[in-house]
Number of protein chains: 4
Amino acid sequence: MSGYFGPVQPLAYDPDAEGPALRHYDRDEVVMGKRMEDHLRFAVAYWHSFGWEGGDPFGGRTFDRPWFPADTMELAEARAEAAFDFFRILGAPFFCFHDHDVRPEGGSLTESRDRLNRIADIFEAKMAEGGPRLLWGTANLFSNRRYMAGAATNPDPDVFAYAAATVRDCIDVTHRLGGQNYVLWGGREGYETLLNTDLGQELDHMGRFLSLVVDYKHKIGFKGTILIEPKPQEPTKHQYDYDVATVYGFLRRYGLENEVKLNIEQGHAILAGHSFEHELALARELGILGSIDMNRNDYQSGWDTDQFPNNVPETALAYYEILKAGGFTTGGTNFDSKLRRQSLEPEDLVMAHAGAMDVCARGLKAAAKMLEDDRLEAARRDRYAGWNHPEAQAMLAEGATLEGIADRAVADGLDPQPVSGRQEILENLVNRYV
Amino acid sequence: MSGYFGPVQPLAYDPDAEGPALRHYDRDEVVMGKRMEDHLRFAVAYWHSFGWEGGDPFGGRTFDRPWFPADTMELAEARAEAAFDFFRILGAPFFCFHDHDVRPEGGSLTESRDRLNRIADIFEAKMAEGGPRLLWGTANLFSNRRYMAGAATNPDPDVFAYAAATVRDCIDVTHRLGGQNYVLWGGREGYETLLNTDLGQELDHMGRFLSLVVDYKHKIGFKGTILIEPKPQEPTKHQYDYDVATVYGFLRRYGLENEVKLNIEQGHAILAGHSFEHELALARELGILGSIDMNRNDYQSGWDTDQFPNNVPETALAYYEILKAGGFTTGGTNFDSKLRRQSLEPEDLVMAHAGAMDVCARGLKAAAKMLEDDRLEAARRDRYAGWNHPEAQAMLAEGATLEGIADRAVADGLDPQPVSGRQEILENLVNRYV
Amino acid sequence: MSGYFGPVQPLAYDPDAEGPALRHYDRDEVVMGKRMEDHLRFAVAYWHSFGWEGGDPFGGRTFDRPWFPADTMELAEARAEAAFDFFRILGAPFFCFHDHDVRPEGGSLTESRDRLNRIADIFEAKMAEGGPRLLWGTANLFSNRRYMAGAATNPDPDVFAYAAATVRDCIDVTHRLGGQNYVLWGGREGYETLLNTDLGQELDHMGRFLSLVVDYKHKIGFKGTILIEPKPQEPTKHQYDYDVATVYGFLRRYGLENEVKLNIEQGHAILAGHSFEHELALARELGILGSIDMNRNDYQSGWDTDQFPNNVPETALAYYEILKAGGFTTGGTNFDSKLRRQSLEPEDLVMAHAGAMDVCARGLKAAAKMLEDDRLEAARRDRYAGWNHPEAQAMLAEGATLEGIADRAVADGLDPQPVSGRQEILENLVNRYV
Amino acid sequence: MSGYFGPVQPLAYDPDAEGPALRHYDRDEVVMGKRMEDHLRFAVAYWHSFGWEGGDPFGGRTFDRPWFPADTMELAEARAEAAFDFFRILGAPFFCFHDHDVRPEGGSLTESRDRLNRIADIFEAKMAEGGPRLLWGTANLFSNRRYMAGAATNPDPDVFAYAAATVRDCIDVTHRLGGQNYVLWGGREGYETLLNTDLGQELDHMGRFLSLVVDYKHKIGFKGTILIEPKPQEPTKHQYDYDVATVYGFLRRYGLENEVKLNIEQGHAILAGHSFEHELALARELGILGSIDMNRNDYQSGWDTDQFPNNVPETALAYYEILKAGGFTTGGTNFDSKLRRQSLEPEDLVMAHAGAMDVCARGLKAAAKMLEDDRLEAARRDRYAGWNHPEAQAMLAEGATLEGIADRAVADGLDPQPVSGRQEILENLVNRYV
């Protein structure tokens with residue numbers, strides 16, 4: 001035990017607590033036939049909570065953790081100790097990590113891999129003691145300066161190869177630790193300026209890289225899901241995995257739409273100009289909804305703020321879309337959220353997560369109630385009911401033609417009258433649940 | 001002749017003119033082996049220049065044109081007269097229109113079609129006299145209240161049918177007038193709130209509608225290109241044809257990627273968070289670049305401002321991408337640009353177009369010179385040169401595996417070093433041309 | 001009675017109602033020693049609810065009200081009848097209007113004034129029967145094309161004079177009807193392009209105009225507050241009353257900071273890049289908080305969406321700032337909110353307001369509880385407690401100098417250590433109330 | 001000489017050069033009666049060009065400079081050597097720095113001051129040899145974690161005192177080096193959340209701090225200008241010095257509007273939702289235009305991108321406003337611009353500045369020509385000519401009343417007709433110069 005967070009005692013569920021507690025998230029409470037823990041599948045993000053030092057573009061480290069700077073294996077081990085204490089305090093069933101978060105990079109691919117495996121040994125032991133499971137692993141292909149112009153899309157083929165080796169190692173470790181998914185976030189797969197970029201070639205290389213990853217997954221028998229995490233920009237001017245729709249087109253282009261799903265982040269959705277629920281609903285309809293990175297972006301800050309979720313009406317709409325998709329399978333709710341850099345204390349880290357878990361639990365419960373009560377869905381079905389008529393279905397069926405439909409419209413003297421969309425009434429309805 | 005613009009005298013090309021003239025656009029000047037007119041293929045947009053009355057959400061008509069309100073066929077004819085005068089003054093080789101712009105809607109589909117044909121008769125006669133050709137026609141499926149909840153994506157199947165009949169008539173007229181393309185802009189194909197929307201069903205209906213249109217085009221022997229015009233939002237909260245990448249995925253989903261191309265608008269690109277050149281380059285690489293709507297959006301106004309293009313460095317980058325694609329085939333440069341509502345005079349309309357033509361001509365000439373000088377492309381090729389090596393190509397070839405590449409990276413002890421991207425030097429280079 | 005809304009029966013407060021009701025807003029419930037009605041001082045906006053026809057930049061009227069188009073006095077009277085029915089159904093204690101909303105403009109200033117007075121006669125009679133009071137009146141100085149280049153800031157001095165006459169008449173009517181405030185919204189006081197604008201001269205004219213208004217108010221004995229409503233842009237590229245801070249500087253420049261307060265709108269705050277609570281808090285600290293326009297802007301639509309408020313956590317933070325200011329005096333909560341244009345039915349209008357009233361009531365009650373419990377304020381006081389020390393106060397007192405403070409800092413060997421800002425813990429705290 | 005940039009040979013002015021040269025900036029060319037060097041007063045920013053390591057929120061240092069990490073005095077001296085070589089190569093007449101850029105912070109205020117003075121000794125010697133002059137100095141009150149919650153606005157009064165001591169030392173050094181201005185940029189003077197912030201108290205402290213600075217300046221006889229640099233947000237959620245209008249109100253509130261001017265940055269203007277020329281014009285009209293930070297923000301990246309200026313039409317409009325103000329007095333053009341992090345080479349740094357100087361020179365020359373030709377100003381004067389009439393002036397003169405103006409408007413039967421604003425024609429006019 002690290003001692004950093006004081007005595008390692010799981011946070012209790014206590015709706016009426018004055019002090020630190022979970023007020024809404026009771027992991028064993030059954031919602032729509034499933035325990036909340038199994039619905040929400042919370043994961044803690046190693047990077048933000050144990051790797052991020054509190055810096056921003058205008059200032060350096062503010063956090064004073066005993067494991068900083070984690071540039072030795074000893075400090076990396078101390079960090080792991082603290083992290084698993086933290087997981088236990090929260091009672092989080094999952095965690096997620098990049099290679100880069102858990103060990104200092106070595107002087108060579110081999111040394112980096114060895115270090116990763118040494119930390120994985122520690123993780124394995126901790127996990128065997130009832131620690132959390134691994135929601136997903138991933139490789140950091142963006143921080144090192146070798147990746148400044150991309151990993152799979154780097155103009156230098158050696159970087160492509162280097163990235164391939166790194167991902168191989170990270171999938172191996174993820175597989176060994178029983179990871180439920182493997183994520184690719186292409187933070188540098190994009191460009192700073194079109195002037196020096198061959199867009200078509202870079203897209204092809206990215207498609208190629210992903211195919212190699214998919215093949216490898218099958219070869220080693222990894223049963224987890226390969227996930228892409230969309231983001232529109234930052235740090236780059238443009239990122240190829242812009243949003244759900246863009247990634248869908250990309251997957252179709254390279255024939256991967258049945259192999260790869262998406263890890264969708266609230267903050268990234270907002271940066272792309274979409275609501276979180278839009279991205280979730282679209283991914284569901286396209287059959288590529290995988291997992292979520294839960295956080296909140298300041299709608300008025302044009303960069304990735306990764307705040308802890310704090311608005312219940314918003315989380316309710318997000319979980320509503322997820323419940324409509326049948327809930328998570330391999331996916332879960334990863335808190336890709338970081339403390340504000342002024343939140344210095346261990347208590348801040350604990351309470352930020354506890355608050356977020358409660359906000360998600362309130363959202364889930366409201367969403368479940370909405371779905372069970374069926375008023376919203378009934379209104380939606382009603383709105384489209386006209387399409388159940390045979391004449392309407394015929395327009396969608398094989399054999400229909402534009403001119404045939406047109407002629408009928410003329411013949412019938414169609415003059416369709418608008419019907420209220422009832423948006424405010426539906427918004428009021430939602431407000432009865434949140 | 002309408003007399004509205006005074007004597008109908010084509011604007012002369014005169015670089016040194018004090019008064020109204022074209023200072024940079026000499027239609028017969030040969031650029032990269034082609035006359036500028038044949039490169040740029042300018043079109044005037046009927047709606048903004050002859051239909052729009054100068055209103056905005058906070059005030060009504062400011063323009064005092066003799067043909068307003070064009071709610072009778074007489075006024076519609078007066079408008080056509082003025083429009084063709086204007087086309088001749090500008091020497092524009094093309095124009096574009098919606099059904100809605102050229103005739104008042106009738107009381108029935110039949111009457112609307114008849115009216116459209118009566119105006120088309122006038123157009124046909126004018127065009128035969130050497131008036132401009134038709135770059136594209138389109139149907140307005142967004143202004144009438146029947147379309148408030150969408151056309152192809154309307155919850156009411158009768159609206160789908162009504163829209164089908166309207167599009168049929170508009171394609172017929174476009175075909176008859178020798179239109180080079182037919183455009184679909186789905187201004188209402190989207191949603192105001194997800195709460196009342198069945199995203200998946202609406203997308204399927206939209207895919208279906210487009211397939212019907214493509215089939216019809218072939219049936220009647222229309223040789224023009226079917227174009228979709230992306231826009232991310234406004235008037236809706238979300239529009240399905242969000243941007244180039246989104247439409248590409250949509251076309252793939254419904255098997256239409258070889259049948260349909262894109263009409264890309266500068267202002268819509270910006271509203272979607274992209275540069276215009278990004279959208280053009282991406283469409284080119286995806287094989288779906290069709291035509292452009294040239295205008296300029298205020299980067300700081302969050303709605304579609306449709307200003308006339310006025311920044312040469314920007315138009316140069318746009319035409320650079322178009323020239324790299326081999327130039328337009330059926331497409332062209334449509335000025336989907338409107339006067340500011342305080343620009344009341346006929347002279348404002350003429351000079352706004354003349355200025356825009358000059359800005360485009362300057363952009364085209366700069367782009368052509370850049371391409372011919374080949375410095376930018378040489379730098380780009382150089383940056384990716386490593387990929388020409390056999391070892392690099394092997395990674396992309398069949399048979400390569402992630403583990404194979406990884407093993408080689410380890411064996412070779414790869415340690416790729418970053419190379420300058422030279423962005424500022426390339427930007428300086430561009431500035432030597434614009 | 002208009003009959004438009006069915007039987008005129010006030011909405012009941014009934015937390016458990018299945019059908020239409022107020023579920024949270026019980027006007028007589030006492031919160032922090034005051035009835036909720038007296039806290040919230042709800043007002044209905046005549047323009048959005050009775051004047052707006054459902055148009056947007058891409059389509060015209062969707063609403064089918066019997067009083068549209070209200071271009072005759074008869075229809076204006078029918079509209080008034082319906083409006084007062086509506087006020088009674090809602091039980092709204094206030095309403096607001098522009099001259100333009102309530103009567104068609106006449107052919108001259110005199111005729112416009114006469115028409116305004118005729119409608120005011122009707123209002124007066126209705127109000128005497130126990131109808132709502134007037135929260136504020138205002139003049140529409142933006143819709144008519146004469147104002148296209150501004151009212152007080154128009155390059156044409158005749159427009160300045162015309163606007164002066166119009167405002168005089170509107171203040172007179174507001175005074176006569178017992179209005180609690182008079183509002184100026186400068187929708188066209190700004191510019192489309194700096195190229196044709198004399199910024200300094202326009203600002204001076206605007207300052208002058210406001211001084212004239214203030215003088216007039218005193219002369220006629222109008223006891224209400226003169227309010228400016230900030231907005232950053234739309235319809236203009238730039239509006240002079242950009243935000244709270246800008247208007248404060250403007251008032252200081254023209255010596256009006258003790259005469260004029262602000263009417264702050266949520267949507268306008270957002271368009272200016274601020275949270276609503278920021279604008280409220282700043283206005284309070286600057287002593288110019290007057291009244292609010294309550295609505296919600298879509299954070300991702302770059303124009304004024306004027307949606308009904310629907311997010312309780314947000315309204316709670318807004319009313320928190322208002323309660324900290326001691327609540328409204330002459331101000332109130334005006335619903336400057338409009339139906340989505342697909343919400344066609346009378347029921348939509350009623351329920352949109354009812355939902356908004358409930359959202360505000362929930363916000364107010366949460367805010368009051370937070371303030372009474374004092375945890376948030378205690379944390380804030382604690383954070384600044386160091387400033388209560390004499391040495392700290394001395395730095396702020398007369399006689400302190402930079403060098404004196406610097407010398408002391410050196411002498412004391414100051415090395416201040418950062419203290420947690422506890423943001424997430426405070427956000428969690430708020431979530432216990434909302 | 002550092003040798004880092006190769007032989008230290010000033011860049012020549014040579015419009016036809018193939019290789020590195022200044023193609024438009026001829027320092028001795030006379031524009032509107034003044035040498036270009038004296039107009040533009042270029043300064044190099046020490047921090048971006050010699051302090052910034054190429055990191056971003058997702059990756060660390062990319063630049064491989066021999067003086068990194070400059071955490072010893074030896075490296076700081078090596079850095080100074082390289083910087084002055086660079087200044088000579090560019091022929092820049094000015095430079096700017098923060099204390100933080102030029103020396104590693106010491107363990108105490110005294111040690112930090114001593115180190116600053118040791119570097120200043122070096123600067124002094126270099127400057128005596130004909131090196132550039134100091135445009136302005138400033139203190140970095142944002143990078144060290146002690147400032148994470150603000151400097152003058154920190155809840156901890158010891159931080160206020162610490163900042164005071166630091167600024168005292170920086171003004172002293174600026175004074176000693178003959179600095180023409182002293183700048184305050186309040187990067188942390190703002191808040192992350194209103195929940196823990198006392199807005200009013202913080203503003204008062206900030207006003208107090210600025211007053212102390214102004215008093216000190218006078219006491220030591222520093223003749224330079226005190227400048228505030230506005231920025232709306234980033235790193236904070238909200239920065240108090242939001243934009244020009246906000247700072248003006250702040251200065252008025254604390255009686256400092258005649259003592260302090262503004263250093264206006266293009267990128268910050270854009271982040272605040274304004275065009276650069278707007279901020280410049282407004283500052284001019286308010287009498288607080290001081291100096292500029294020249295760069296370019298990507299309009300579509302919501303953070304401070306600090307790119308080198310590269311769009312001539314934009315710089316022309318900026319210098320037009322500056323020329324209208326009579327040009328710089330103590331101010332100048334500081335390149336607060338940084339290389340893209342992929343631009344690794346010394347040549348990138350040189351050419352980025354050279355390109356920027358040329359872009360500014362082109363802008364200045366175009367602006368001067370526009371002003372001399374007077375067409376734009378003639379059009380503007382013409383637009384407001386009505387205000388020269390005695391009747392118009394009377395409305396602005398003492399004694400005029402709202403009712404008097406109103407009565408005259410009625411009596412004269414005013415019916416003002418709109419006049420074209422000619423925006424496109426004016427934009428075309430500008431395009432004839434750029």
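Modeller: Between chain B and chain C there are four salt bridges, a salt bridge being a side-chain nitrogen of Lys or Arg within 4 Å of a carboxyl oxygen of Asp or Glu. This is a predicted model, in which local features need pLDDT of at least 70 and side-chain atom pairs count only at pLDDT 80 or more, while totals for chains, interfaces and linings use all residues. Residues are numbered from 1 along each chain as its sequence is written, chains are lettered from A and ligands numbered from 1 in the order in which they are written, and side-chain values use heavy atoms, with hydrogens and water left out.

Colleague: Which side chains meet in a salt bridge, at 3.2 Å from N to O?

Modeller: They are those of B:Lys237 and C:Asp298.

Colleague: How is the size of an interface expressed?

Modeller: It is often given as the accessible area lost when the parts come together. Chain B and chain C bury about 2800 Å² (accessible area lost, 1.4 Å probe, summed over both), 52% of it on carbon and sulfur atoms. B:Phe58, B:Met148 and B:Gln342 supply 27% of the area that chain B buries there, more than any other three residues.

Colleague: What area do chain A and chain B bury between them?

Modeller: The area is about 8200 Å², with 63% on carbon and sulfur atoms. A:Leu195, A:Trp387 and A:Leu402 lose the most area in chain A, together 10% of what that side buries.

Key. Buried area = accessible area lost by both parts, 1.4 Å probe.
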